[in-house]
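Thanks for coming. I will walk through one structure today, starting with its charged side chains and then turning to its surface and its fold.

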Amino acid sequence: MGMSIPRCLGHLDIRKGVVGLATGAGFVYLLYKAIRAGIKCQPPLCTASPICIARECTGPGERALPQEAPALEASSVGGPKGLAVERERHGRDSGELRRLLNSLECKQDEYAKSMILHSITRCVYLLEAEASACTNDDIRLVGSMLDDNDNSVKIQALNTLKAFSGIRKFRLKIQEHSIKVLELISTIWDSELHIAGLRLLNSLSLPDYVHPQLRRVMPALMEILQSDYILAQVQAIRLLSYLAQKNDLLYDILNCQVHSNFLNLFQTTQPGSLLFEVLVFAERLSEGRNSPHYRAVKWHYNEQSLHEALFGDESRLADRLLALVIHPEEEVQIQACKVIVSLQCSQDVGVRPSSCRPSHSYFNSGE
(Lines give C-alpha, C1' and ligand atoms only; values in the text may rest on other atoms or scores of the structure.)
Protein backbone atom coordinates (compact mmCIF):
# COMPACT_ATOMS: atom_id res chain seq x y z
CA MET A 1 0.00 0.00 0.00
CA GLY A 2 1.15 3.57 -0.59
CA MET A 3 2.32 5.69 2.34
CA SER A 4 2.95 9.39 2.65
CA ILE A 5 6.28 10.61 4.02
CA PRO A 6 4.82 11.23 7.53
CA ARG A 7 3.44 7.65 7.61
CA CYS A 8 6.75 6.28 6.38
CA LEU A 9 8.50 8.21 9.12
CA GLY A 10 6.06 6.66 11.61
CA HIS A 11 7.33 3.21 10.66
CA LEU A 12 10.92 4.05 11.52
CA ASP A 13 12.01 2.43 14.78
CA ILE A 14 12.87 5.60 16.67
CA ARG A 15 13.09 4.90 20.31
CA LYS A 16 14.37 6.77 23.27
CA GLY A 17 17.69 4.98 23.12
CA VAL A 18 18.59 6.43 19.69
CA VAL A 19 17.49 9.98 20.18
CA GLY A 20 21.09 11.02 19.88
CA LEU A 21 20.99 10.16 16.19
CA ALA A 22 18.89 13.26 15.65
CA THR A 23 22.11 15.21 15.24
CA GLY A 24 24.94 14.84 12.82
CA ALA A 25 25.23 11.92 10.42
CA GLY A 26 22.59 9.84 12.16
CA PHE A 27 19.89 12.43 11.52
CA VAL A 28 20.94 12.77 7.86
CA TYR A 29 20.78 8.99 7.44
CA LEU A 30 17.31 8.76 8.95
CA LEU A 31 16.09 11.63 6.80
CA TYR A 32 17.49 9.92 3.71
CA LYS A 33 15.66 6.70 4.56
CA ALA A 34 12.41 8.57 5.12
CA ILE A 35 12.59 10.45 1.82
CA ARG A 36 13.55 7.30 -0.06
CA ALA A 37 10.65 5.39 1.47
CA GLY A 38 8.26 8.22 0.51
CA ILE A 39 9.45 8.20 -3.09
CA LYS A 40 8.86 4.45 -3.30
CA CYS A 41 5.28 4.80 -2.11
CA GLN A 42 2.87 3.58 -4.80
CA PRO A 43 0.04 5.75 -6.21
CA PRO A 44 -3.43 5.24 -4.77
CA LEU A 45 -5.94 2.79 -6.15
CA CYS A 46 -8.35 3.94 -8.85
CA THR A 47 -11.51 5.56 -7.56
CA ALA A 48 -14.79 6.58 -9.11
CA SER A 49 -13.63 10.19 -9.51
CA PRO A 50 -13.50 11.64 -13.06
CA ILE A 51 -10.33 10.68 -14.94
CA CYS A 52 -8.68 11.71 -18.16
CA ILE A 53 -10.19 9.91 -21.11
CA ALA A 54 -6.73 9.37 -22.57
CA ARG A 55 -5.82 7.01 -19.70
CA GLU A 56 -7.77 3.93 -18.70
CA CYS A 57 -7.80 1.95 -15.44
CA THR A 58 -8.63 -1.58 -16.57
CA GLY A 59 -10.57 -2.79 -13.57
CA PRO A 60 -11.51 -2.24 -9.94
CA GLY A 61 -8.58 -2.64 -7.58
CA GLU A 62 -5.93 -2.13 -10.25
CA ARG A 63 -3.56 0.75 -9.87
CA ALA A 64 -3.66 3.81 -12.09
CA LEU A 65 -0.53 4.68 -14.02
CA PRO A 66 1.58 7.36 -12.34
CA GLN A 67 1.15 10.78 -13.95
CA GLU A 68 4.91 11.10 -14.42
CA ALA A 69 5.14 7.73 -16.21
CA PRO A 70 2.29 7.27 -18.72
CA ALA A 71 1.93 3.99 -20.55
CA LEU A 72 4.63 3.84 -23.17
CA GLU A 73 4.57 0.15 -23.96
CA ALA A 74 3.36 -0.44 -27.49
CA SER A 75 0.33 -2.60 -27.97
CA SER A 76 -0.03 -5.26 -30.63
CA VAL A 77 -1.81 -2.80 -32.89
CA GLY A 78 0.90 -0.17 -32.73
CA GLY A 79 -0.58 2.23 -30.19
CA PRO A 80 0.07 2.78 -26.48
CA LYS A 81 -1.78 0.49 -24.13
CA GLY A 82 -4.54 2.01 -22.03
CA LEU A 83 -5.45 4.92 -24.31
CA ALA A 84 -9.22 5.17 -24.70
CA VAL A 85 -8.91 7.09 -27.97
CA GLU A 86 -6.58 4.41 -29.37
CA ARG A 87 -9.00 1.65 -28.37
CA GLU A 88 -11.80 3.54 -30.09
CA ARG A 89 -9.72 3.90 -33.23
CA HIS A 90 -9.25 0.16 -33.44
CA GLY A 91 -12.88 -0.67 -32.83
CA ARG A 92 -12.65 -1.57 -29.16
CA ASP A 93 -14.91 -0.06 -26.54
CA SER A 94 -12.88 1.51 -23.74
CA GLY A 95 -15.97 1.73 -21.51
CA GLU A 96 -14.88 5.19 -20.41
CA LEU A 97 -18.09 6.98 -21.37
CA ARG A 98 -20.27 4.32 -19.77
CA ARG A 99 -18.31 4.51 -16.51
CA LEU A 100 -18.70 8.28 -16.41
CA LEU A 101 -22.45 8.07 -17.03
CA ASN A 102 -22.80 5.44 -14.33
CA SER A 103 -20.88 7.61 -11.87
CA LEU A 104 -23.19 10.52 -12.69
CA GLU A 105 -26.11 8.46 -11.42
CA CYS A 106 -24.46 8.14 -8.00
CA LYS A 107 -24.90 10.82 -5.37
CA GLN A 108 -22.19 13.40 -6.06
CA ASP A 109 -21.44 16.90 -4.86
CA GLU A 110 -21.74 19.85 -7.25
CA TYR A 111 -18.04 19.97 -8.09
CA ALA A 112 -17.90 16.24 -8.88
CA LYS A 113 -21.03 16.42 -11.05
CA SER A 114 -19.58 19.37 -12.94
CA MET A 115 -16.29 17.56 -13.59
CA ILE A 116 -18.02 14.33 -14.61
CA LEU A 117 -20.23 16.21 -17.10
CA HIS A 118 -17.16 17.96 -18.48
CA SER A 119 -15.46 14.59 -19.00
CA ILE A 120 -18.61 13.16 -20.63
CA THR A 121 -18.63 16.09 -23.07
CA ARG A 122 -15.04 15.36 -24.08
CA CYS A 123 -15.82 11.67 -24.48
CA VAL A 124 -18.79 12.38 -26.75
CA TYR A 125 -16.61 14.46 -29.07
CA LEU A 126 -13.64 12.07 -29.06
CA LEU A 127 -15.21 8.61 -28.71
CA GLU A 128 -17.80 8.64 -31.48
CA ALA A 129 -18.72 4.95 -31.40
CA GLU A 130 -19.20 4.92 -27.62
CA ALA A 131 -21.28 8.10 -27.81
CA SER A 132 -23.49 6.62 -30.54
CA ALA A 133 -24.05 3.54 -28.39
CA CYS A 134 -25.64 5.66 -25.64
CA THR A 135 -29.42 5.68 -25.14
CA ASN A 136 -32.23 8.16 -24.62
CA ASP A 137 -32.06 7.29 -20.92
CA ASP A 138 -28.54 8.72 -20.89
CA ILE A 139 -29.82 11.93 -22.49
CA ARG A 140 -32.58 12.06 -19.88
CA LEU A 141 -29.99 11.67 -17.12
CA VAL A 142 -27.88 14.53 -18.45
CA GLY A 143 -31.00 16.66 -18.96
CA SER A 144 -31.99 16.15 -15.32
CA MET A 145 -28.82 18.03 -14.35
CA LEU A 146 -30.44 21.22 -15.71
CA ASP A 147 -32.50 21.24 -12.50
CA ASP A 148 -29.42 21.27 -10.28
CA ASN A 149 -29.08 24.21 -7.89
CA ASP A 150 -25.53 24.95 -8.99
CA ASN A 151 -25.04 27.06 -12.12
CA SER A 152 -21.76 25.35 -13.03
CA VAL A 153 -23.56 22.00 -13.19
CA LYS A 154 -26.26 23.52 -15.41
CA ILE A 155 -23.62 24.95 -17.74
CA GLN A 156 -21.76 21.66 -18.04
CA ALA A 157 -25.04 19.81 -18.66
CA LEU A 158 -25.85 22.26 -21.48
CA ASN A 159 -22.41 21.65 -22.99
CA THR A 160 -22.93 17.88 -22.77
CA LEU A 161 -26.33 18.09 -24.47
CA LYS A 162 -24.74 20.24 -27.18
CA ALA A 163 -22.13 17.52 -27.75
CA PHE A 164 -24.82 14.82 -27.98
CA SER A 165 -26.85 16.98 -30.40
CA GLY A 166 -24.25 16.19 -33.04
CA ILE A 167 -25.60 12.63 -33.09
CA ARG A 168 -28.77 12.56 -35.19
CA LYS A 169 -30.69 9.95 -33.19
CA PHE A 170 -30.58 12.08 -30.02
CA ARG A 171 -31.81 15.38 -31.46
CA LEU A 172 -35.52 14.81 -30.90
CA LYS A 173 -34.87 13.77 -27.31
CA ILE A 174 -32.70 16.82 -26.71
CA GLN A 175 -35.40 19.06 -28.22
CA GLU A 176 -37.62 18.08 -25.31
CA HIS A 177 -35.36 20.17 -23.08
CA SER A 178 -35.75 23.32 -25.23
CA ILE A 179 -38.35 24.96 -22.99
CA LYS A 180 -36.22 24.33 -19.91
CA VAL A 181 -33.19 25.83 -21.63
CA LEU A 182 -35.17 28.93 -22.61
CA GLU A 183 -36.36 29.25 -19.03
CA LEU A 184 -32.79 29.14 -17.73
CA ILE A 185 -31.60 31.71 -20.25
CA SER A 186 -34.39 34.15 -19.37
CA THR A 187 -34.25 33.81 -15.57
CA ILE A 188 -30.50 33.54 -14.80
CA TRP A 189 -28.17 36.39 -15.75
CA ASP A 190 -24.94 34.50 -16.30
CA SER A 191 -22.95 35.02 -19.49
CA GLU A 192 -21.44 31.51 -19.48
CA LEU A 193 -24.88 29.96 -19.06
CA HIS A 194 -26.26 32.19 -21.84
CA ILE A 195 -23.48 31.09 -24.19
CA ALA A 196 -23.91 27.39 -23.41
CA GLY A 197 -27.72 27.50 -23.63
CA LEU A 198 -27.83 29.51 -26.84
CA ARG A 199 -25.20 27.31 -28.50
CA LEU A 200 -27.38 24.32 -27.73
CA LEU A 201 -30.53 25.98 -29.09
CA ASN A 202 -28.69 27.07 -32.22
CA SER A 203 -27.73 23.45 -32.87
CA LEU A 204 -31.38 22.33 -32.88
CA SER A 205 -34.40 22.82 -35.11
CA LEU A 206 -36.81 24.22 -32.58
CA PRO A 207 -40.31 22.69 -32.90
CA ASP A 208 -43.42 24.84 -33.23
CA TYR A 209 -44.66 23.98 -29.74
CA VAL A 210 -41.73 26.01 -28.36
CA HIS A 211 -42.90 29.23 -30.05
CA PRO A 212 -45.14 30.41 -27.16
CA GLN A 213 -42.16 30.15 -24.81
CA LEU A 214 -39.98 31.94 -27.36
CA ARG A 215 -42.41 34.87 -27.35
CA ARG A 216 -42.13 35.10 -23.58
CA VAL A 217 -38.32 35.08 -23.58
CA MET A 218 -37.92 37.48 -26.52
CA PRO A 219 -37.18 40.48 -24.22
CA ALA A 220 -34.46 38.46 -22.49
CA LEU A 221 -32.90 37.50 -25.83
CA MET A 222 -32.90 41.15 -26.84
CA GLU A 223 -31.22 42.11 -23.54
CA ILE A 224 -28.49 39.52 -24.11
CA LEU A 225 -27.99 40.92 -27.61
CA GLN A 226 -27.45 44.38 -26.13
CA SER A 227 -25.10 43.20 -23.36
CA ASP A 228 -21.31 43.55 -23.37
CA TYR A 229 -20.48 39.85 -23.74
CA ILE A 230 -19.48 39.32 -27.37
CA LEU A 231 -19.79 35.52 -27.41
CA ALA A 232 -23.26 35.67 -25.83
CA GLN A 233 -24.30 38.46 -28.21
CA VAL A 234 -23.23 36.44 -31.25
CA GLN A 235 -25.18 33.38 -30.09
CA ALA A 236 -28.27 35.48 -29.29
CA ILE A 237 -28.27 37.22 -32.68
CA ARG A 238 -27.91 33.87 -34.47
CA LEU A 239 -30.97 32.55 -32.70
CA LEU A 240 -32.93 35.72 -33.40
CA SER A 241 -31.92 35.58 -37.08
CA TYR A 242 -33.26 32.04 -37.26
CA LEU A 243 -36.51 33.02 -35.53
CA ALA A 244 -36.94 36.05 -37.82
CA GLN A 245 -37.67 33.59 -40.64
CA LYS A 246 -40.71 32.25 -38.77
CA ASN A 247 -43.85 34.07 -39.92
CA ASP A 248 -45.60 33.74 -36.57
CA LEU A 249 -42.64 35.18 -34.63
CA LEU A 250 -41.59 38.08 -36.87
CA TYR A 251 -43.93 40.65 -35.36
CA ASP A 252 -42.94 39.68 -31.81
CA ILE A 253 -39.31 40.31 -32.71
CA LEU A 254 -39.95 43.60 -34.50
CA ASN A 255 -42.17 44.93 -31.71
CA CYS A 256 -39.71 43.94 -28.98
CA GLN A 257 -38.48 46.93 -26.98
CA VAL A 258 -34.81 47.88 -27.36
CA HIS A 259 -32.49 50.47 -25.83
CA SER A 260 -32.24 53.91 -27.37
CA ASN A 261 -28.64 53.17 -28.44
CA PHE A 262 -29.47 49.92 -30.22
CA LEU A 263 -27.84 51.11 -33.45
CA ASN A 264 -24.49 51.12 -31.66
CA LEU A 265 -24.42 47.46 -32.63
CA PHE A 266 -23.81 48.67 -36.20
CA GLN A 267 -20.78 50.80 -35.32
CA THR A 268 -17.51 50.10 -37.12
CA THR A 269 -15.79 49.67 -33.75
CA GLN A 270 -17.72 46.46 -33.07
CA PRO A 271 -15.93 43.13 -33.69
CA GLY A 272 -16.36 41.92 -37.26
CA SER A 273 -17.94 38.63 -36.13
CA LEU A 274 -20.69 40.50 -34.29
CA LEU A 275 -21.19 43.05 -37.07
CA PHE A 276 -21.67 40.32 -39.64
CA GLU A 277 -24.32 38.55 -37.55
CA VAL A 278 -26.15 41.81 -36.81
CA LEU A 279 -26.24 42.64 -40.51
CA VAL A 280 -27.61 39.18 -41.34
CA PHE A 281 -30.30 39.77 -38.72
CA ALA A 282 -31.20 43.15 -40.24
CA GLU A 283 -31.40 41.66 -43.73
CA ARG A 284 -33.76 38.89 -42.62
CA LEU A 285 -35.98 41.34 -40.75
CA SER A 286 -36.13 43.56 -43.82
CA GLU A 287 -37.00 40.65 -46.08
CA GLY A 288 -39.63 39.41 -43.65
CA ARG A 289 -41.45 42.72 -43.27
CA ASN A 290 -41.51 43.14 -47.06
CA SER A 291 -43.02 39.71 -47.69
CA PRO A 292 -46.62 39.61 -48.97
CA HIS A 293 -47.64 37.54 -45.96
CA TYR A 294 -46.46 40.20 -43.54
CA ARG A 295 -47.62 43.19 -45.56
CA ALA A 296 -51.14 41.80 -45.69
CA VAL A 297 -51.65 42.99 -42.09
CA LYS A 298 -51.37 46.53 -40.77
CA TRP A 299 -49.07 46.21 -37.78
CA HIS A 300 -48.62 48.70 -34.96
CA TYR A 301 -45.31 49.07 -33.13
CA ASN A 302 -44.40 50.78 -29.89
CA GLU A 303 -42.08 53.76 -30.03
CA GLN A 304 -39.12 51.95 -28.47
CA SER A 305 -39.52 48.88 -30.67
CA LEU A 306 -36.83 47.23 -32.76
CA HIS A 307 -38.89 48.10 -35.85
CA GLU A 308 -38.67 51.81 -35.11
CA ALA A 309 -34.95 51.60 -34.34
CA LEU A 310 -34.22 49.93 -37.66
CA PHE A 311 -36.98 50.97 -40.05
CA GLY A 312 -38.73 53.97 -38.47
CA ASP A 313 -38.73 57.46 -39.95
CA GLU A 314 -36.21 58.67 -37.36
CA SER A 315 -33.84 55.73 -37.76
CA ARG A 316 -30.20 56.46 -38.62
CA LEU A 317 -29.58 52.94 -39.89
CA ALA A 318 -28.72 54.28 -43.37
CA ASP A 319 -25.76 56.23 -42.02
CA ARG A 320 -24.41 53.18 -40.21
CA LEU A 321 -24.77 50.97 -43.27
CA LEU A 322 -22.96 53.40 -45.54
CA ALA A 323 -20.05 53.49 -43.09
CA LEU A 324 -19.90 49.68 -43.04
CA VAL A 325 -19.65 49.47 -46.83
CA ILE A 326 -15.98 50.47 -46.44
CA HIS A 327 -15.34 48.22 -43.43
CA PRO A 328 -11.92 46.48 -43.48
CA GLU A 329 -13.51 43.01 -43.40
CA GLU A 330 -14.90 41.94 -46.76
CA GLU A 331 -17.74 39.81 -45.40
CA VAL A 332 -19.01 42.83 -43.43
CA GLN A 333 -18.86 44.98 -46.58
CA ILE A 334 -20.80 42.44 -48.59
CA GLN A 335 -23.43 41.92 -45.91
CA ALA A 336 -23.91 45.68 -45.49
CA CYS A 337 -24.56 45.94 -49.24
CA LYS A 338 -27.10 43.12 -48.99
CA VAL A 339 -29.01 45.00 -46.29
CA ILE A 340 -29.00 48.17 -48.43
CA VAL A 341 -30.37 46.24 -51.41
CA SER A 342 -33.01 44.60 -49.20
CA LEU A 343 -34.14 47.99 -47.92
CA GLN A 344 -34.36 49.31 -51.47
CA CYS A 345 -36.28 46.36 -52.82
CA SER A 346 -39.79 46.49 -51.42
CA GLN A 347 -42.02 43.89 -53.06
CA ASP A 348 -45.62 44.82 -53.70
CA VAL A 349 -48.58 42.53 -54.17
CA GLY A 350 -48.88 41.70 -57.88
CA VAL A 351 -45.28 42.73 -58.67
CA ARG A 352 -42.80 40.11 -59.80
CA PRO A 353 -40.34 39.02 -57.09
CA SER A 354 -37.41 40.22 -59.19
CA SER A 355 -38.77 43.78 -59.37
CA CYS A 356 -37.59 46.51 -57.01
CA ARG A 357 -38.82 49.97 -56.33
CA PRO A 358 -36.80 52.60 -54.43
CA SER A 359 -37.78 53.55 -50.91
CA HIS A 360 -37.44 57.27 -50.20
CA SER A 361 -37.15 56.80 -46.43
CA TYR A 362 -33.61 55.37 -46.52
CA PHE A 363 -31.37 56.16 -49.44
CA ASN A 364 -32.65 59.21 -51.32
CA SER A 365 -30.72 61.10 -53.94
CA GLY A 366 -29.06 63.31 -51.33
CA GLU A 367 -27.49 60.34 -49.62
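A salt bridge here is a side-chain nitrogen of Lys or Arg within 4 Å of a carboxyl oxygen of Asp or Glu. By that rule, the whole structure has 11 salt bridges.

Before the examples, some ground rules. This is a predicted model, where local features need pLDDT of at least 70, side-chain atom pairs count only at pLDDT 80 or more, and totals for chains, interfaces and linings use all residues. Residues are numbered from 1 along each chain as its sequence is written, and side-chain values use heavy atoms, with hydrogens and water left out.

One of the bridges joins Lys180 and Asp147, with the closest N and O atoms 3.0 Å apart. This pair links distant parts of the chain, 33 residues apart: Lys180 sits in helix H10 (residues 178-187), and Asp147 in the loop between helix H7 (136-144) and helix H8 (151-164). When I say helix, I mean a DSSP run of H or I with at least four residues; a strand is a run of E with at least two, and numbering goes from the N terminus.

How covered are these residues? I use three classes: buried is under 20% relative accessible area, exposed is over 50%, and partly exposed is in between, with a 1.4 Å probe and protein chains only. Lys180 is partly exposed because its relative accessible area is 24%. Asp147 has 52%, so Asp147 is exposed. Both residues also belong to a network of salt bridges with Glu183.

A second bridge is between Asp252 and Arg215, at 3.2 Å from N to O. Again distant parts of the chain are linked: Asp252 is in helix H14 (residues 250-254), Arg215 is in helix H12 (residues 211-225), and 37 residues separate them. Asp252 is partly exposed at 25%, and Arg215 is partly exposed at 30%.

Arg316 counts as partly exposed at 49%, as does Asp319 at 31%.

Which residues form a negative surface patch? They are Glu303, Glu308, Asp313 and Glu314. A patch takes residues with over 30% relative accessible area and no salt bridge; like charges are joined within 9 Å, and nonpolar side chains (Val, Leu, Ile, Met, Phe, Trp, Tyr) within 5 Å. Asp and Glu count as negative, Lys and Arg as positive, while His and the chain ends are not counted.

Asp313 is in the loop between helix H17 (306-311) and helix H18 (317-324). Its relative accessibility is 71%, so Asp313 counts as exposed. Glu303 is in the loop between helix H16 (292-295) and H17, and Glu303 is exposed at 69%. Glu303 and Asn255 are 48 residues apart in sequence, yet 9.0 Å apart in space, C-alpha to C-alpha.

Ser305 is also in the loop between H16 and H17. Is Ser305 buried or exposed? Ser305 counts as buried, because its relative accessibility is 1%. Setting aside neighbours within four places in sequence, Ser305 has contacts (heavy atoms within 4.5 Å) with Leu254, Asn255, Cys256, Gln257 and Val258.

Last, the whole chain. The protein chain has 19 helices and zero strands. Of its 367 residues, 43% are buried. Among contacts between residues at least 6 apart in sequence, 69% join residues at least 24 apart.

Key: Areas by Shrake-Rupley, 256 points an atom, 1.4 Å probe, with all protein chains shown as cover. Charge placed at Lys NZ, Arg CZ, Asp CG, Glu CD.
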